[in-house]
Amino acid sequence: SKKMRRLNVFLLALTLLISQAVFANETEAQEKGPAQAIQTAIVKLNQLTAAATYSPRMMGFLIEQEVAPLFDFDYIADEVLLVTNANLSESEVQFFSNKLKKNIVSTLLARLSQANTTSFRFISARPIVGGNIAVQLKVIGYSRYGIYLDLMFHQANDGEWRIYDIVLNSDSLINYYQKMVITKVRRYGIYGMLGRI
C-alpha cells in the first residue's frame with residue numbers, strides 16, 4: 001500500500017542517516033587516507049542500491065549529495081577535453097565539467113533504477129602508477145555472473161582521495177567520454193559540443 005511504501009522510505013532514510021552518523025564518528029578519528037575513501041565509496045554505493053528499491057527520488061538525492069562528491073569531476077573533464085586540443089577558457093572548462101557531472105549522474109541514476117537488487121562487494125585494492133589506487137568491486141545482481149569494475153582513486157587537488165576513472169571490461173569512463181566528445185566536436189565544432197554533452 002502507499003502508506004506502507006511511504007513508511008519504508010522514511011525508515012530507509014532514517015537508517016541511512018543513522019548509519020552515516022555512526023560511520024562519520026568511527027572514521028573521524030582516523031586520518032583521511034585512501035582506505036577510508038574506498039570504504040566510504042562502497043558504503044555509499046550500497047546505500048544507493050538499497051534506496052533504488054524504494055524510491056527513485058531518494059536515489060537521486062543520494063547520488064547528488066553522497067555519490068557525486070566521491071568523484072573528481074574537474075580532473076575527469078580536463079582529461080576528456082585533452083582530445084579536443086581546444087584552448088578553452090577557465091569558465092568554459094568549468095561549464096563542461098558541470099555538464100559532464102550531470103551526464104554521469106543521470107546515467108548512474110538510469111542504470112541503478114534498472115537493477116533493483118544490485119550490491120557492490122570489495123574484491124581488492126592495489127597501488128598503481130603515480131601513487132594512485134585501483135579498487136576492484138564485484139557488482140552482484142546486475143547480471144547472472146556478476147560483473148567486475150575498477151574504481152580508480154587518486155588524491156585530488158584538495159588533498160581528498162576521489163574517484164578519477166572507472167574501468168569496466170577494459171573500457172574506461174574517461175575513454176568513453178573522449179570518444180563521445182571527439183564525435184560531437186567533428187559534427188558540431190567545439191562550442192556546439194559544449195552545448196550537447
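Tutor: Buried means under 20% relative accessible area, exposed means over 50%, and partly exposed is in between (1.4 Å probe, protein chains only). This is a predicted model, in which local features need pLDDT of at least 70, side-chain atom pairs count only at pLDDT 80 or more, and totals for chains, interfaces and linings use all residues. Residues are numbered from 1 along each chain as its sequence is written, and side-chain values use heavy atoms, with hydrogens and water left out.

Student: Is Tyr164 buried or exposed?

Tutor: Tyr164 is buried, at a relative accessible area of 11%. Tyr75, by contrast, is partly exposed at 28%.

Student: How are the rings of Tyr75 and Tyr164 arranged?

Tutor: Rings of Phe, Tyr and Trp (its six-membered ring) pair if their centres lie within 6.5 Å; planes under 30 degrees apart count as stacked, over 60 as edge-to-face and the rest as tilted. The centres of Tyr75 and Tyr164 are 5.5 Å apart and the planes lie at 85 degrees, so this pair is edge-to-face. Tyr75 belongs to helix α4 (residues 73-81) and Tyr164 to strand β4 (residues 161-168), so the pair ties together parts 89 residues apart in sequence. Helices (H or I, at least four residues) and strands (E, at least two) are DSSP runs, numbered from the N terminus.

Student: How many aromatic pairs are there?

Tutor: The count is three aromatic pairs. One of them joins Phe71 and Phe73, with centres 5.4 Å apart and planes at 25 degrees, so that pair is stacked. Phe71 is buried at 10% relative accessible area, and Phe73 is buried at 8%.

Student: Switching to strands: how do β1 and β2 run?

Tutor: Strand β1 (residues 119-128) and strand β2 (residues 132-140) run antiparallel, joined by nine bridges; two strands pair if DSSP finds at least two bridges between them. Phe122 has Leu137 in β2 as its bridge partner. The hairpin of β1 and β2 has three residues between the strands, and Gly130 there takes a positive phi near 80 degrees.

Student: What joins β2 to β3?

Tutor: Seven bridges join β2 to β3, and these strands also run antiparallel. Lys138 has Tyr148 in β3 as its bridge partner.

Student: One last topic: which ring does the charged end of Arg196 sit over?

Tutor: The charged end of Arg196 sits over the ring of Tyr188, 3.8 Å from its centre. The criterion is NZ of Lys or CZ of Arg within 6 Å of the ring centre and within 35 degrees of the ring normal.
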